Amino acid sequence: MKTRFMTILALLALAHSYAGGFRVALQGQRALAMGHTGVAVVNTSEVAFFNPAGMSFLEEKLSVSFGMSAIFSNIAFQNEAFGYSVRSESSVGTPFNLYGTYKINEKLSLGIAVYTPYGSQVQYPDNWAGSHLVNDIELSAIFFQPTISYKITDKISVGGGPIYVSGNVNFSRNLDRSTTNTEGERIGVTIDQSGIGAWGYTAGLMFKPTDKLTMGINYRSEINVEARDGNADFRNIPENLQNQFADGTFDADLPLPAELSVGASYQVNGKWLVAFDYNRVFWNAYEALDVQFSNGLESINPRNYKDSSTYRFGFQYNASETFTLRGGYYFDESPVQDGYFAPETPRNNSNNFTAGLSVQISNRFAIDASFLYIHFNEIDASYDYYFENGQAAPFGGTYKNNAFIPGLGITYSL
Amino acid sequence: MKKILYIAVAMAAFSSCEPEFNNPVDEVGFYDQGQVDLSTYVALGNSLTSGYADGALYIDAQENSYPNILASKFAFAGGGNFTQPLMNDNIGGLLFNGQAIAGTRLVLSYDASGNPFPTNIAGSPTTEVTNTLEGPFNNMGVPGAKSYHLVAPGYGNAAGIGSTANPYFVRMASDAESTVLADAAAQSPTFFSLWIGNNDVLTYAISGGTGEDRTGNLDPTSYNSNDITDPNVFAAVTSQVVNTMTSAGAKGVLINIPDVTKVPFFTTVPNNALVLDAGQAAQLTLFFQAVAGITTQGLINQGVPAAQAQQIAAQYAINFTEGANRWIIDVPATQTNPLGFRQMTEEERVLLTIDRSALQTQGYGSVAITPDVLQVLGKLQQGAQITEAEANLVIGAVNGIDDKDALDSSEINAIDTARSAYNSTLAGLAQQNDLILLDFEALFDRIAESGYQFNGGQVTTEFGSGGAFSLDGIHLTPRGYAIVAHEMIQAINEQYEANLPGVNPADYPTVFVQ
């Protein structure tokens, strides 16, 4: 048994695949502190995101929670052959979530969920060695989800709702590896569009076979964010090339992949709760980040992601009436395939450690704190699908990333 | 106590926030200078060393000079500060007492029909030669310098500008009577590079061979600027330079001289760009048959036996065919070639600076046919007698390419002979002094033949678009200089057992579009 376990560990270490994509799993301070488990945890209104079916199992008449995280992420890149050495500029992303659930009656609950499950914010120094791939990128998407949950029996409930997404994209890169205008400024382009609307849905089922065991399944659909007629601004273009690189608009599609979660939680006793989640993110949908410009140019950027899994574990310990402690761990598998390691989301497999606590400051209010540390192993990787004058020009080296993400929230219950 | 522990844990979490590589490339000890000391690097040379490109010296080009690129890589393994006599602006050109004595750099512009052409960038030079700079400078590359200039006192004396001095050295010389070599040696370099000798043949080549081959003349003060330097003078100067630079144990690189006739300046205008349709070819052939006939008659009139006269004149009965034909070139008149012209041979070159519209519209390089000439040709076809004046009219219509616009085979030979001698000298010096010989001659032959491949790209010697040569057709682009630097690093890594990072040519620009 031990041998087999070691073999699995060794295989995991060898697996040459990467994790994360631009999924930002920070959808609730309590759940996050427990390794972002939640598809089978009935705790607060956070369940509106993790599994809407769970809303009707909430005991409170009204539950509202708001939370926010600060992402301090760092990317270091180096290349031994040419002595490149660069660190991304420290950027601070602030995803948030707001949930409210209301019990109409014993069987029916309504809720609203606003959250930001996808995003990316990376800024490299201007004109760094990989600036022909990305100089800086900012993706964000706010999900608005009215939710309904219905308890079919005391043991089974269902829930779901439509999702409206408002997406923003801002992406800047240089047009090639060295061309400048006569002033020595590199030629580049920035594309920008905000408020791109798109629709999707979520649906879940929760089953409580016993008082202690809860099982859940949730599916969130793929949502294709289609940027149309966004703003494309070309910079430092020589006068004689203005026709070729005219400012104008751009079209691009960015799929936010579907996600399936299954999980279980077990109330060991009055103090201890443990939870396991498995997420499958259908990244296969993300084939390319192709941009069509109104001036006739197109930028072809294959991504060719593969579906990826995340394995989550968390626990909760009710230390006292006032304090609840939480901890967790998850392994996040990268959807990036060999040769597609683009510096805009340079994520390999990661080990993630979480912790947190809630302080019940009054009958109705609790403060929820969480902390996530993401550890990536150093990795040699490259992006091999950049072409210049018809010739492939791979860009790669060694990447080492990490992120630490403190979060704070407040929960109100009635 | 517990509190301190919490704080320590929190601190650890924060500090681990900066990801650290197991072996960071920017940490001392990752790279290695091997058996050389790179702490003080001095580069000696001419325009190629200064970073000169697009017909000018300007700041961006200097930043991309191969010595500066090298120094940036040396910095990973003990390399020190590297200074350059930076120009005052990014447009190039020089002022001497307020008068422009060198023009701005060339950029690529496009005519109304979208054809690219090089043109001087707008603006007036602001680099005043008499504003001398505070040295010393690690980059001692002086545009225009020939071998013997490195040891010529007064080469930096403003009073000699226009004759014995060089404005670029005037800007940077430590003293009016100092020499390039003295200023270089005064920095006590631990490592040096020397790339000199190009101009010792190049100015002759660029003049179309109008200068003199001074082989046998050991007094360079008697040379004119377009002359070929005597190989013994070259050997004496380079030996002196190498001895001086190595006297304190410095190591270094000697770069040899490539075949200058393969640069775009000599390869862009083809020697067979006389493109004719069938009718034009027949007419030109007929014309030169007439020239041969007239010459035969003329020689016989001068008393040359008929058979000999016909033999001599036969060379002028040049046959033209539909399609591409080689140009007619003027050569010195001799007894065997009394008219002093012939068709170009395959290896001969036409210069980039030739008047191309004259080639296309005025019969330059073939025949300036006028109605009068046509009339005489008509008479000859009918078998009529022509007058001496009419005969001279025909001969005079031959419009060969001038000496200044082409390199003929004897001129190419003179260049090759001198260049081979210089390269033997450099090879010998490298061997005797445990220096690297960077065989740029072979590298450049290879690039001219099949290009130079690098990660996701290649450069060729094609003018304007090949990427290796800047818009003056003689000097390299930043990318071309990056290739030189990369090859030097490979050589240093190999010969001196160093481990220095290479240079990615793709990171450096080529020509600039306006």
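Trainee: Is S188(B) buried or exposed?

Mentor: Its phi is positive, about 45 degrees, although S188(B) is not a glycine. A residue is buried if 20 or more other C-beta atoms, placed from the backbone, lie within 10 Å of its own, exposed if 12 or fewer, and partly exposed in between. S188(B) has 11 C-beta neighbours inside 10 Å, so it counts as exposed.

Trainee: D54(B) also has a positive phi; is D54(B) buried or exposed?

Mentor: Phi of D54(B) is near 55 degrees, and D54(B) is not a glycine. D54(B) sits in the loop between α2 (47-50) and α3 (59-63) of chain B. Because 27 other C-beta atoms lie within 10 Å, D54(B) is buried.

Trainee: What is the omega of the cis peptide bond from G135(B) to P136(B)?

Mentor: P136(B) belongs to the loop between β5 (116-120) and β6 (139-141) of chain B. The bond that joins G135(B) to P136(B) is cis, with omega near -5 degrees.

Trainee: Which residues does M87(B) touch, not counting residues up to four places away in sequence?

Mentor: M87(B) is in the loop between α4 (66-74) and β2 (94-96) of chain B. With 25 other C-beta atoms within 10 Å, M87(B) is buried. Two residues are in contact if their C-beta atoms, placed from the backbone, lie within 7 Å. Leaving out residues up to four places away in sequence, M87(B) touches L57(B), Y58(B), I59(B), Q62(B), G92(B) and T127(B).

Trainee: How many residues of helix α7 (residues 198-206) of chain B are buried?

Mentor: The buried residues of α7(B) include N198(B), D200(B), L202(B) and Y204(B). They pack against α2, α8 (231-246), α9, β16 (406-407) and α15 (409-432) of chain B. After α7(B) comes G208(B), with a positive phi near 75 degrees. The helix is mostly covered, its buried residues numbering nine of nine.

Trainee: At what angle do α10 and α11 of chain B pack?

Mentor: In this pair, A292(B), T295(B), T296(B), L299(B) and I300(B) of α10(B) meet A306(B), A309(B), Q310(B), I312(B) and A313(B) of α11(B). By class, the contact has seven nonpolar, three polar and no charged residues, where Ala, Val, Leu, Ile, Met, Phe, Trp, Tyr, Cys and Pro count as nonpolar, Asp, Glu, Lys and Arg as charged, and the others, Gly among them, as polar. Axes are lines fitted to C-alpha atoms, for helices over the stretch in contact, and angles run from 0 to 180 degrees between N-to-C directions. For helix α10 (residues 278-301) and helix α11 (residues 306-313), the axes are 8 Å apart and the angle is about 145 degrees.

Trainee: How far apart do the C-alpha centres of domain 1 and domain 2 of chain B lie?

Mentor: An automatic or database domain assignment supplies the bounds, giving domain 1 (41-267 + 411-507) and domain 2 (274-406) in chain B. The contact takes eleven residues from domain 1 of chain B and eight residues from domain 2 of chain B. Helix α9 (residues 264-267) of chain B gives the largest share of the domain 1 side, four residues. Between the C-alpha centres of the two domains, the distance is 41 Å.

Trainee: How many residues of chain A are in contact with chain B?

Mentor: The side of chain B that touches chain A has 17 nonpolar, nine polar and five charged residues. Strand β4 (residues 106-110) of chain B provides the largest share of that side, three residues. The contact joins 31 residues of chain B to residues of chain A numbering 33.

Trainee: Over which residues of chain A does pLDDT stay under 50?

Mentor: pLDDT is the predictor's confidence in each residue, from 0 to 100. Chain A has a mean pLDDT of 92, with 94% of its residues at 70 or more. Where pLDDT is low, the predicted coordinates should not be read in detail. In chain A, pLDDT stays under 50 over residues 1-19.

How values were computed. Residues are numbered from 1 along each chain as its sequence is written. Chains are lettered from A and ligands numbered from 1 in the order in which they are written. This is a predicted model: local features need pLDDT of at least 70, side-chain atom pairs count only at pLDDT 80 or more; totals for chains, interfaces and linings use all residues. Helices (H or I, at least four residues) and strands (E, at least two) are DSSP runs, numbered from the N terminus.
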